[in-house]
Amino acid sequence: MSATAGLMQEHQLILKYIDLMERCAKLNLQKPDIQILFDQTVFFIDFIHEFADKFHHAKEENILFRYLGTPGVLTHCNPIPQMMNEHQQARGFVRNMEKALRSKNLHDLAESAQNYAGLLKMHIYKEDNILYPMAERGLSDDLKASISREYAETEAEFDSPAIWEKYDALRIKLENDLT
Ligand SMILES: [Fe+2]
Ligand SMILES: [Fe+2]
């Protein structure tokens, strides 16, 4: 049983959106007269709020990280405060994106989008390669079973199949808009 396989799958979708957002930012900085970043940011922000933050980060913060705090699970070091700190930093970059969108400031919008993208890529790399393997090694089968039950409750609450379907479809639309 894995406590992190589903989260890693979610990372893959988040990375695809990040790539799209970076491509829009780059394109719009090269051609400031086109509106692509302004037009698409509303979709990126929706995805970040609903999927990356409410769905994915909520599962990490409310479930996985809480279980990793069980005495004896993380024996060598505790990266959780740093991971939580990065979630907060990411939320700050999204607030900056929203502010730049409201004031129609292309430079600030592109900069905040790139800051978010850079932070999340690094954060996901650390989770996939350091934190999650530590979790798989440190969590007992009983704890993994409890985690799976709690994930299932959260996934039911958020209607996981519907959220995946919605954001897979949106990703395809955004990719088509960029080609
Ligand atoms: Fe995270
Ligand atoms: Fe994550």
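Predicted model: local features only at pLDDT ≥ 70, side-chain atom pairs only at ≥ 80, totals over all residues.
Biologist: What secondary structure does the protein chain have, helices or strands?

Modeller: The protein chain has six helices and zero strands. Read along the sequence, its pattern is α-α-α-α-α-α. The radius of gyration is 17 Å, close to the 16 Å that the globule rule gives for 179 residues, so the chain is as compact as a globular protein of that length.

Biologist: And what does the C-alpha trace span along its principal axes?

Modeller: The C-alpha trace spans about 55 × 30 × 25 Å along those axes.

Biologist: Of the contacts with a separation of 6 or more, what share comes from residues 24 or more positions apart?

Modeller: Such residues account for 79% of those contacts in the protein chain.

Biologist: Turning to His87, which helix is it in?

Modeller: His87 lies in helix H3, which covers residues 80–102.

Biologist: Is His87 buried or exposed, and why?

Modeller: His87 counts as buried because it has 20 C-beta neighbours inside 10 Å, and 20 is the number at which a residue is classed as buried.

Biologist: Which residues is His87 in contact with, leaving aside its neighbours within four places in sequence?

Modeller: With those neighbours set aside, His87 is in contact with His57 and Glu61.

Biologist: What about Asp108; how many Å separate its C-alpha atom from that of His87?

Modeller: The two C-alpha atoms are separated by 20 Å, and His87 and Asp108 are 21 residues apart along the chain.

Definitions and conventions: Residues numbered from 1 in each chain as written. Chains lettered and ligands numbered in written order. Helix = DSSP H or I, 4+ residues; strand = E, 2+ residues; numbered from the N terminus. Buried ≥ 20, exposed ≤ 12 C-beta atoms within 10 Å, placed from the backbone. Contact = placed C-beta atoms within 7 Å. Rg over C-alpha atoms; globule rule 2.2 N^0.38 Å.
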